[in-house]
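Please keep the structure open while reading.

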Amino acid sequence: MNKNVVDPIAVYATYSDIFGQKYDKGRLIEIIKALPLGGIFTILSQLNSIEIENARIRKNYFSYITLNIPNSTFILEKYKDRILYTPQGLLTIWKWLFVYGDFDKINDEINIDHGINLILYLHLIISDYLYDVNDNKDLVYDFFSNMNFNSQQDVGSSMARACVIYDEISKEDHLFNSKEYIDISRAFMEKYGYSIKEFVAIIFAILTSFINKREIISPSAGINLEKFSLFSPIEKIESILMSLSVDIDTIKNWSLENIDNSWNFQLFREKPLLRLDNGIFLSISLSFLYEQIYNQLFFKIRECFSKDNTQIISFIGRCFEKYVERITEEATRESQISYELIKEFSFGNDKSPDCMIRLGDKLLVIEAKSKRPKLDSLINSNPDTIESDLINMIKHPLEQLHNCMKKLYEKSHPVVHGVNEVYLMVVTQATITALPPQISEIYNEVMTLSGVPVKGLYHLDIEEYEWLLAILSNKGAKPIFRILNNKNKLAPYSSFKNFALKGSYSRRRLSYINQKFLHHTIDFGKILVGEEWYGAE
């Protein structure tokens, strides 16, 4: 899916913005009850899988308003700087349809253009009801949920990363001591009846069935098991389709319980497919289906072990650290600049950071953390858990890095001889995005610590770090420290992604990751179709 990058803060249109008051809720429910539910489901499913703010849809919607609403100039003027719909808004429409829709109309169809315009009109109205129960909450914390919810992923990178971490590194037992090693591949197979790589391959196949390359809404959007009839692991495909889908009764009940929680789409995230009674599967959210490849795979592996087993969390964390070290090594090797890579080492009773990159008197110090925001932060905008997440995922790791480097300086360790500028960077497994005031407060506290010549502080999620390494390894690239200094100057508290996009840094994959992507997609073909598909090797 090729989505436009939406500005970090964009304003969507609401009914009250345009007409001065909310649309009556009772009338809204009557509109929903009258909708041809089957046709609306089909269109809504596809709107979640095409470009955000699709230009053709926007043009058609404005034409619809002009033709059907007298004196509509003021409406179009209000819309001028507003986006028509958001991922959150479309998911909220799903909730309202599940709660108030007439399921006797599940087989009714609708003209596509008319259906799109109706959904956009619903989005306009329902957007006024997103925050009813959150009126007394600090807006900063709602922004936290919003920014982290709307972060987007490179699916190819996620797929390659999942395979490298969970299907390659996790099997290399020589990388770990015997006390920390866990055979997650065997545990996964025993629980689910298919391997990690088979799971990712099948998710890949399901995804390609839903991706709308032409970005044109069509009268049919669903798939059924017959779609995969030529694939050899059909029983495993059926098992995974069932595990990723939810039936209508379950989702109706869940939506009723959670309709007033603006950010709770957890069931959609866990079960991104709607399973109809006729055997058709519709995509509720293609983004949530993407997440199964990497983010949700972590939880699927976690479920192979008892809840009180903390060793599995530590082991996955170690696999992640090894991944960060590996891609850093590949990037520095590929770069035309003579960076020195320093891998983790022991000194006294302490260990160094996970890896470091040195160039002259400058040192980038990297610590990988397999941490994620708590669910309560993401779906409830809970101020206490958000503050805890910011501390555990950003502040404490930066302080840990600082303390480690201070010990190295105090010991006059050779690794810091001649180093006059230190750049501290935390790389996390999952995204955590916060507003500049929150980040500046953390950074300012860390910068008050003494004993290390700290030049800059950074926190990146793994995809941002992969992007940074791609920039580092690019032919003709400037020294990475010049880019980091530029970020310090222009956008010290913004995410690296937003800085890079606005700085016109080309978004490309690290060649190592791209090679892994191509390698594993060939393996996926063999898993799904058989060795003969690619011929003898």
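Contact, as used here, means heavy atoms within 4.5 Å. The model is predicted, and the values below are computed from it.

Two helix pairs make a starting point. Two packed helices are described by the angle between their axes and the distance between the axes. The axes of helix α9 (residues 155-168) and helix α24 (residues 511-528) come within 8 Å of each other, crossing at roughly 80°. Angles of 65 to 115 degrees count as roughly perpendicular, so α9 is roughly perpendicular to α24. On the α9 side the contact is made by Gly156, Ser157, Met159, Ala160, Cys163, Val164 and Glu168. These meet Tyr512, Ile513, Lys516, Phe517, His520, Thr521 and Phe524 of α24. By class, this contact of α9 with α24 comprises 8 nonpolar, 4 polar and 2 charged residues.

The second pair is helix α6 (residues 87-100) with helix α7 (residues 112-126), whose axes come within 10 Å and cross at roughly 95°. Helix α6 is therefore roughly perpendicular to α7. Here Gly89, Leu90, Thr92, Ile93 and Trp96 from α6 meet Ile119, Leu122, His123 and Ile126 from α7. The contact of α6 with α7 has 6 nonpolar and 3 polar residues, and no charged residues.

Next comes the sheet. Strands of a sheet pair through backbone hydrogen bonds, either parallel or antiparallel. In this model, 5 strands form an open sheet with mixed pairing, in the order β4-β7-β8-β9-β10. Its edge strands, each pairing on one side only, are β4 (340-343) and β10 (454-461). On average, neighbouring strands are turned by 20° against each other, direction ignored.

Strand β8 (residues 362-369) has 7 of its 8 residues buried. Strand β7 (residues 355-359) runs antiparallel to β8 and is joined to it by 5 bridges. In this pairing, leucine 359 stands opposite lysine 362, and methionine 356 has valine 365 as its bridge partner. The hairpin of β7 and β8 has 2 residues between the strands, and glycine 360 there takes a positive phi near 65°. Strand β9 (residues 421-428) runs parallel to β8, with 8 bridges between them. Valine 365 also has a bridge partner in β9, leucine 424. Helix α21 (residues 462-473) lies across β7, β8, β9 and β10 and runs at about 120° to β10.

Which residues does methionine 405 touch beyond its neighbours within four places in sequence? Methionine 405 belongs to helix α19 (residues 383-410), and its contacts are Pro353, Met356, Leu363, Val365, Val416, Leu424 and Val452. Its relative accessible area is 0%, so methionine 405 is buried. Proline 453 is 48 residues away from methionine 405 in sequence, but the two are 9.6 Å apart in space, C-alpha to C-alpha.

The largest nonpolar core has 86 residues, of which Tyr166, Ile206 and Tyr465 touch the most other members. Helix α11 (residues 196-210) gives the most to this core, with 10 residues. Beyond four places in sequence, tyrosine 166 is in contact with Ile184, Ser185, Ile196, Tyr294, Leu297, Phe298, Ile301, Ile316 and Gln429. A second, separate core of 58 residues includes Trp96, Tyr129, Trp254 and Phe268.

Terms used: Residues numbered from 1 in each chain as written. Predicted model: local features only at pLDDT ≥ 70, side-chain atom pairs only at ≥ 80, totals over all residues. Heavy atoms only, no water. Helix = DSSP H or I, 4+ residues; strand = E, 2+ residues; numbered from the N terminus. Buried < 20%, exposed > 50% of the residue type's maximum accessible area, 1.4 Å probe, protein only. Core = buried A, V, L, I, M, F, W, Y, C linked by side-chain atoms within 4.5 Å. Pairing = 2+ DSSP bridges. Axes fitted to C-alpha atoms, helices over the stretch in contact; angles between N-to-C directions. Parallel < 35°, antiparallel > 145°, perpendicular 65-115°, else oblique. Nonpolar A, V, L, I, M, F, W, Y, C, P; charged D, E, K, R; others polar.
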